[in-house]
Amino acid sequence: MRSRPTGFLLAALAGTALALGGTSAVSASASASPDTATTAATTTPASTASGDIGTADACYTWSGTLREGSSGEAVRQLQIRVSGYPGTGNQLAIDGAYGPATKAAVQRFQAAYGLGADGIAGPQTFNKIYQLQDDDCTPVNFTYAELNRCNSDWSGGRVSAATARANALVTMWKLQAMRHAMGDRPMTVNGGFRSVSCNSAVGGAANSRHMYGHAADLGAGSQGFCALAQAARNHGFTEILGPGYPGHNDHTHVAGGSGRFWSAPSCGI
């Protein structure tokens, strides 16, 4: 795990609280297409309805409590962070709308970290997310470099470089949730984004989700390929390919995006 930055600053107004809100989970068939993926997180603090003030964060700072009925960029930024908690078989919509499914995803996140699971992102939820992210908005246990072993600028895929990079950020937060659920043991990422030329060079499928930034290929690590494939079902991955599926006996492939296709026959999937 990378060391945490030291730039956490206390707000000037002591005793006031900052919080954040929920996510909106949808089934995979209703999820956004690769071409409408989220954009990268901004470093400009977003304002929310409550106007509460709290701890400043180098990546993104929320300025108030979010709950069901909230909307806007602050909600969308939160949805990225809790995208790994949509419920089994579902995928979180990164749409800035805090509905019932968003509330449920926040509750799962809160429960996973021993917080009060009320589905309202208050100070404790907010601070937990700050603990889990680095200055570039990636989760502490994953990096952009791990998710792109093809090139340095995320260009040449089926979407713009910015969209591919943003999709990879969501993928990393899903992996972070999965890692935590599996005991916080290190997870091996062999690759993620591919340009069209990189995908062709490795014999990837013509419509591979790697070219959208949605996908990651996982090594066995201490978990094993099947355990990874089975756990991925609970953390927002709409494509899971593993042992028993042609060409996937030596890794577990996970991806987001529209539709759903799970196949790891040797693992009971």
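The torsion about the S-S bond of C150 and C198 is about 90 degrees, so this disulfide is right-handed; a disulfide here is a pair of cysteine sulfur atoms within 2.5 Å. Its two ends are distant in the chain, 48 residues apart, with C150 in the loop between α3 and α4 and C198 in helix α5, residues 196-201. Helices are DSSP runs of H or I, at least four residues, and strands are runs of E, at least two, numbered from the N terminus.

A word on the source. This is a predicted model, where local features need pLDDT of at least 70 and side-chain atom pairs count only at pLDDT 80 or more, while totals for chains, interfaces and linings use all residues. Residues are numbered from 1 along each chain as its sequence is written, and side-chain values use heavy atoms, with hydrogens and water left out.

Back to the cysteines. The structure holds three disulfides. C59 and C137 form one of them, with sulfur atoms 1.9 Å apart. The torsion there is about 110 degrees, so that link is right-handed. C226 and C267 form another, at 2.0 Å between sulfurs, and with -75 degrees about the S-S bond their link is left-handed. C226 sits in helix α6 and C267 in the segment after β7. Counting bonded cysteines along the chain, the pattern is 1-2, 3-4, 5-6.

Now the sheet. Five strands form an open sheet in the order β3-β4-β6-β5-β7, with mixed pairing; two strands pair if DSSP finds at least two bridges between them. The edge strands are β3 and β7. Strands β4 and β6 run antiparallel, joined by four bridges, and A215 stands opposite A255 in β6.
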